[in-house]
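Keep the viewer open and click along as you read.

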Amino acid sequence: MNINLIYASLTGNTEALSELIVEKFKDDKNIDVKLNFVEDMSDYSLLEDSDAFIIATYTYGDGDLPEEMEDLYNTIPSLNLNGKIYGVVGTGDTTYDEFCVCVDQFDKQIKKAGGVNPTSNLKIEIEADCDEDFENINKFIEDFSNALKEK
């Protein structure tokens, strides 16, 4: 199965979350997920070629999409993602009014392109460091992997 995770990270928190998710998929579900740093990419057709994918983003400042994620975000409507399983995860800071809003923006953009999200969007305050975070990560992985089985 070809599953990709594309991430952006400014402070390292979203990168750490992405690595944790990849590790847990492998250890808990024996599912390999390929990690892709968005800044190393120029072509996003791998989303069309994937069996499923995950987008991991942070929200910058007062709800701004990270600059390095803008090309990906703007390319999504031109991709054929009809019926494609996906999930969106991210990190943010609740001191801002628009906590993790970019997670929701990506979710809506991918849905409009035909993707199917079997998970609840995963939003982590700063970094995954408490029981609630790990429970939510485990639920995300469980819901995502169950959808893969049904595919």
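## Ground rules

This is a predicted model, so to speak of local features we need pLDDT of at least 70, side-chain atom pairs count only at pLDDT 80 or more, and totals for chains, interfaces and linings use all residues. Residues are numbered from 1 along each chain as its sequence is written, and side-chain values use heavy atoms, with hydrogens and water left out.

## The nonpolar cores

A nonpolar core here is a set of buried Ala, Val, Leu, Ile, Met, Phe, Trp, Tyr and Cys residues joined through side-chain atoms within 4.5 Å. Buried is under 20% relative accessible area, exposed is over 50%, and partly exposed is in between (1.4 Å probe, protein chains only). The largest such core has 26 residues, and Ile55, Leu72 and Phe106 touch the most other members. At least two residues each come from helix 2 (46-49), strand 3 (52-58), helix 3 (70-75), strand 4 (85-92) and helix 4 (101-112). Helix 4 is the top contributor, with five. Helices (H or I, at least four residues) and strands (E, at least two) are DSSP runs, numbered from the N terminus.

Click on Ile55 next. Skipping its neighbours within four places in sequence, Ile55 is in contact (heavy atoms within 4.5 Å) with Ile6, Met69, Leu72, Gly87, Val88, Val89, Phe106 and Ile110. There's also a second, separate core of 22 residues, with Ile54, Val89, Ile141 and Ala147 among them.

## Helix 5, one face in

Helix 5 (residues 131-150) has 20 residues and should span 28 Å at 1.5 Å a residue; its end C-alpha atoms sit 29 Å apart, which agrees. That expected span is 1.5 Å times one less than the number of residues.

Which residues of helix 5 are buried? They are Asp133, Ile137, Phe140, Ile141, Phe144, Ser145, Ala147 and Leu148. Looking down the axis of helix 5, these buried residues fall within an arc of 155 degrees, so they line one face of the helix; the arc is taken from the directions from the helix axis to the C-beta atoms. They pack against strand 1 (3-7), helix 1, strand 3, strand 4 and strand 5 (122-125). On the other side, Asp131, Glu132, Glu135, Lys149 and Glu150 are exposed.

## Two positive phi values

Asn30 isn't a glycine, yet its phi is positive, near 55 degrees. You'll find Asn30 in the loop between helix 1 (13-29) and strand 2 (34-37), and at 59% relative accessibility Asn30 counts as exposed.

Cys100, also not a glycine, has a positive phi of about 55 degrees. Cys100 is in the loop between strand 4 and helix 4. Buried or exposed, what is Cys100? Cys100 is buried, with a relative accessible area of 1%.
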